[in-house]
Amino acid sequence: MRTMKNKIFNLLLLTTVILVGMSCQKDLDQQPIDPDSFTQNDVFKDANTAKSALAKVYASLALTGQQGPAGQPDISDIDEGFSQFSRMLFNLNELTTDNAVVAWGDAGLQDLHGMYWTAGNDFTDAMYYRLAQTVSFANAFIENAEALNSDQEVKYYIAEARFVRAYAYYNLMDLYGDVPLVSTVTTELPTQASRQEIFNFVESELLDIQNLLKDSGANEYGRVDKVAAWALLSRLYLNAEVWTGTNRYNDCVNFSEQAMNATYSINTNDVNGNGTAYDELFLADNNINGAQSEFIFALNFDGLHSQTYGGTTFLIHAAVGGSMAPSDFGINGGWFGLRTTKSLVNLFAVDLNAMNNSLGTLSDWGLVGDATPNGWGSTDDIELHETSTNHYAVYVDLLQGELKFRYNEDWGNNYGDDNADGTLEASGANISIAAAGTYYITMDLDNNTYTITPYSSDKRGMFYSNGQNLEIEDMTQFTDGYAVAKFKNVDSNGNAGSDTSGDFADTDLPIIRLAEIYLNYAEAVVRGGNGSMATAVNKINELRMRAYGSASGDITASDLTLDFMLKERARELYWEGQRRTDLIRFDSFTTANYVWPFKGNDPAGIAVDSYRNLFPLPTNVLSINPNLTQNTGY
Amino acid sequence: MNKLKFIIVSILFAIPILMTAQRSVNGTVTDKKTGEPLPGVNVLVKGTQNGTGTDFDGKYILSNVPETAVIVFSYLGYAPQEISANKNQINVALSEDAESLNEVVVVGYGTSKKKDLTGAVNKVTPKKFNLGGITSAENLIMGKVAGVTVVAPSGAPGEGGSVNIRGLSSLSLTNTPLYVVDGIPLAGGVSGSRNVLNFINPSDIASIVILKDASATAIYGSRAANGVVMITTKKGKNKEFKFNFETKGSYYRPYQYVDVMTSNEFRNLVESTGDAAAIGRLGDTNTNWQKQIYQVAMGVDYSFNAVGSFLNIPLRLSVGHTDQEGILKKDEFNRTTASINLSPSYFDNHLKVELNARGMYTENTFGNRGAIGSAISYDPTQPVYDANSPFAGYFSWIDPASNPPVQYSLAPTNPVALVNLTNDFSFINRFAGNAKFDYKLHFFPDITATVNVGLDNSTGNGHSVTSRDIPTSNPSWLGTDNTYTNEVNNKILNTYLTYSKKVNKHDVKLMAGYSYQSFDYDNRYYDDYQFQQGATDYNKVDLSKEVLLSYFTRLNYKFNDKYLLTASLRADYSSLLNPDDRQGLFPSVALAWNIDKEDFMKNSIFDVLKLRVGYGAVGNVNGLAPYKYLTRYQTSTSTAGYQFGSNFYQTYRPEPINKNLRWEVGKTTNLGVDFSILNRKLYGSLNLYNKQTKDLIIWSLVDPFTNFGNRVESNVGDMENKGIELELNGLLIKKNDLSWNISYNIAYNDNKITNMPFNQEVGGIEGGVGNNVQSHTEGYEPYSFYVYQQVYDVNDKPIEGVYVDRNDDGVINNKDKYYYKSPLAPIQMGLSTRVVYKNFDFSITSRSNIGNYMYNNVASAKSIPADITTQPFLTNVHSDYFNSGFETHSETNLLSDYYVTDASFVKIDNVSIGYRIDKIYKNANLRLYGMLQNVATFTEYTGLDPEMAGGIDNNFYPRPRTFTLGFNLDF
């Protein structure tokens, strides 16, 4: 009996062991159970779900990962905030030029303005990763979405993904020259294509999708239409000579014209009434304040829903420091980083001395007050020029504050304005200057009247100079170099953006806007393209009209030289990610043709080796892909 | 495999059981020391299967014993005795035998006598454990075993140590050994828990066995790549109840502070280098911010256990409670543990059952560690409190332009406010239990079937609150309130058959089995701040599951007690790998020769002389995230949507994928000698090893055109560890009332990356963003510092910005960086000694690391005075400025080898003294003791502490000096 019991016990035991052993084999095939993880079938179920995958293709240029602002990065080996596309575009295309300097000591960052970067630089590496990844995301999207292409909307998605891929390749070609050309999902190590091949690919893709994208203005905000393909072709052909050795200015003119004749228009909506509609392009509500009519391709940011430490959040925070009030920029604090060199500032300079000298001789009447640089305690007043007897005038840079007129630096004979009515009273009240700026001031002692009118100048030069030195001695000091106040996280009414903590900006970042196409057109014409010089001058004047708020900055055909074009592009497009490309096209990036402070790590600026017109391929990628050859010089 | 088992067992059924009638022998087995009867002793006629066990009173009756037979009495932890069966009554007194080579050592899926071991295995018993206020098991063996490094990550209470056996063998995967508690491999801990092992009350531990080489660990296959730490807990005994109560009180004193400028030094610096605005910011108080956030802390610990038997079932019960404050204010660790062990036997000891259940409840209060860095850099001329501050009266750097008032966005936050205005708690429940059945088949007692079923469940709940009053730069700050829940559920089944047979001089043991283990992870997070911001995904859920399935077999063969062979093979299947590559086969073989048993050794001084040689392979995927071989898309959070039209779309990202991921394999060859001379006056062992890790799984670069990221886990690169370990134990004096012994161990390990197609920069540091100071590079040690070579002037002062142009190209750029030292110590030593005089005992434990280097990131990031003039607030400067004189924040200053310095050290970890009072009342014995921990450190390193895992000194939670008083009562 007992043996029987034991046998049964043993059999049960063994059976259990065997059954358990067999039943658990299938447990090895685990599928993701996380609610945030999906399979290909989930994602490409229909046009709706596929749209979220398309959103990633776009977002790979705007955001840095799946958790805003940081936490699930797309790219490794670099701080997630650093890895954002437009932030790196700024580092590689603006920081390397006369347009920008930075104070921070992050690995490899100072190398960029000093032009001594080496292979393995964090930013040149990460930009390559970012763009290649955008290509991979687009390739996967295009392949998988094919299954849904009976849906017309999905056809548009695919064309848009092809546009984003072409834009990524456009940048790869511009920054690195010869790169792999991969247009399908593959694990095979790619070989290097020539710059010409990449050029041809971008060109043929854009020519192809110009008919597949939605019509001009027919797509929703944030997604591209046909005009984007034309606009990128315009940029491609303008630079064709640099990349392929063959100039394509006629093609540039053609596609620029197509873009100019579409539904897009230059924003002239001066919502905040500061005398120009230019600054509206870079405000928190630039998706609705009128600026959007000019944006052919923009990266969309939002303080609550699209957060990143790159993008406009970077452009705004990093540019604020010194005595700048962060609240003026709609943010909670500056990062004390970016400024610019005097080379850019000087492009906007007006020669007040010459203008004043032409007014007449210096008089003993002067301006005193905290609106003048010397303050109330001064014994060195800003002297007025005598235009005729008892009539005085001066062009002067004033600060926000107050001032009075006085004679011979002495309070014995002074004038103010008691009722702010334009009539002067002896020892009258201080005269208020509401905003800093350049002013034209007149004083008429026959009638005891005066005028203070803002002097109409190029308002695109949005610099902050209070407490900043124009000259840069120490790159790491924020106060060396003028700050740039171009991008802001306040809307056209001055209200801060949607993120009440002041961390993340709402401001969208135009990548291609119509003004650039005007400049492309004009330059292609100047370079011999078969467009119209008159149209070119008109288009440039349209931009300058907006910049000056009047026709005072208009040019004529004789002004329209190549030298002018390079300067005008800086004035219109500085800090928008195109400066290096422009300088290379004008043979001025590495050469002694044009130098700026700390070019070549020299305070005065020196030429550097021409191989620096290209950035190095990542050494790490070279080490795992033997098919690739490093760019010369690195 | 299962079919085979079935066939074997079917055949076994057919084998008849033969018996011959002979006379019987009886007697009583007692403990030699106490004279108490020993129940459960194995009594066996030598060379036969004829055996029995002693009963509750230590009595036995063994029938059918031939007169010429020899009877073997054996009991775990006691020296076995062999006595000739020429009498009818044989009474035996066994003596405890913890140290001898006859002791039983737990190895994977079974036990072995120490003398029969063939691999590099160390056993540490409570006698040798470190003393003091230890809350986690691994700290018991710190410094005790050659080649085993235990580094406490910080001075926080309840935190254990990171354990590393024989150098680093993996770069991206975990380097933590496998912990096996009572035969059940553990899962990792949950968030909010300070340490994976601290659910075991150290006083419940009977032994810790460390399997170091792959010939020993291979039976655990893929989880054993970094060695195995086997913890056996104390069991019930079949005798009268004995009780033990222990309590101790500890006093923790902070004694190390980062050397930053005093308020006078800082004031002088600002006045001499700052502009008027900066000077105007100076305050007029003297605040030592570090002293403001640290405190003298107290801790108490109680444990109680009862061992005996209840209804003839051996039983052990224990409860423990620990309440320990941290030296960082508010930090507290509060733990209650309870455990029960039942070990009944049935059917004449044929069925042995062991039931273990262990529960833990921990309440952690986390002091705000952000205050550590902030206290280092906060301006010492400012007061803690400022009546005008809008932030609950804490002094803050208010931006005067702001309305409502906020702090400058980059300003440090008042450390005292950080501590006082945040609350961070976690509550951890952990239950681990197992039921083990060893059944010696009635019809074929050579075979034992074992089933061990275990469950290990941890649940962590955390809650952290930041006050709305805390100084912030966020004008719309409302405070935060986050909660999380994490659960790890680990289920395991081990089942195996063991066949033992001894025929003449041949002794064979064959074991084969199967194991199934699953891990369910369930993490949930509720973010109230996101909720306030109107985000939709304030509630986050992360789920994953892992399964590991294994078949294993092992052969032990012994010939004539002299020649030993162990061979094992394990097949592991992991759900982490793709179906084609998920099987890993891990073999091992080892040979040993008990030279002392040879005739020619008869009159030598050696009690033991054994030569061992072994080889084994183990796999590793531990720490690899699941599903890496599958195409997956990850959705974005609501803060990472993308705008089309006026809507924000969540995005789907294809995840980096590696369809070809396979096992990382470590292969170790070990050559060892064990010896004991002059009746164990001196004994120890020597091991030489070579461990090659192939196909390292690292977070490797991929061509970004071929994947959805620039890195994915891939099998790239190889690494090696070569080393030599020596352990010596000496009994210098052994007299009636005086004994003195010394244990010493020294290990040399050479850890090198032997194959790596690219440099992998690691070791992120503070000061700028994206700077790394270390690199994994072929030909160098892992984590080698990768730095610029500083140039010094004639007075040995570094010249700022001047470095050696190592590639002679006329410019200093990152091509001039070089590999300079590493944080890994090539030589590590441990020395402990214990003196017992009459009822007094006295012991000292010390350790030394030689050749380890440290990067002082506190100095490199905080000794630059440039911020005084560039920021609208002041931050204190590290005193190293007086030495370096560096003025600017630059990448090259930060990465100068000036900051990499020798951190070799000698540490006296522990000094203790105890006094024992026997028979204080009836059978009660009392021991009183006092201990000092963290007694002294001798080093040339000038930072806070020369021993920090990773080798980067920054914001380190200092280790306190601890004084403990306690008593232990046996009754």
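Predicted model: local features only at pLDDT ≥ 70, side-chain atom pairs only at ≥ 80, totals over all residues.
Residues are numbered from 1 along each chain as its sequence is written, chains are lettered from A and ligands numbered from 1 in the order in which they are written, and side-chain values use heavy atoms, leaving out hydrogens and water.

Strands here are DSSP runs of E, at least two residues, numbered from the N terminus, and two of them pair if DSSP finds at least two bridges between them.

On to β11 (residues 431-433) of chain A, which is antiparallel to β8(A) and joined to it by three bridges. There, A:Gly401 sits opposite A:Ile433. Then there's β9 (residues 410-416) of chain A, also antiparallel to β8(A), again over three bridges, with A:Phe405 opposite A:Tyr415. β8(A) and β9(A) form a hairpin with two residues between the strands, and A:Asn408 takes a positive phi near 55 degrees in that hairpin.

So why is β8(A) largely enclosed by the rest of the structure? Because five of its seven residues, 401-407, are buried, meaning under 20% relative accessible area with a 1.4 Å probe, protein chains only.

Now, the two chains together. The contact (heavy atoms within 4.5 Å) takes 113 residues from chain A and 94 from chain B. About 8900 Å² is buried between them, 58% of it from carbon and sulfur atoms; that's the accessible area, 1.4 Å probe, that the two parts lose on being put together, summed over both.

How many salt bridges are there between chain B and chain A? Three, where a salt bridge is a side-chain nitrogen of Lys or Arg within 4 Å of a carboxyl oxygen of Asp or Glu. One of the salt bridges links A:Asp77 and B:Arg711, with the closest N and O atoms 2.5 Å apart. On chain B's side, strand β27 (residues 539-559) gives the largest share of the residues touching chain A, namely eight.

β1 (residues 37-38) of chain A and β31 (residues 633-635) of chain B are antiparallel, over two bridges, and A:Phe38 has B:Tyr633 as its bridge partner.

Methods. Helix = DSSP H or I, 4+ residues; strand = E, 2+ residues; numbered from the N terminus. Buried < 20%, exposed > 50% of the residue type's maximum accessible area, 1.4 Å probe, protein only.
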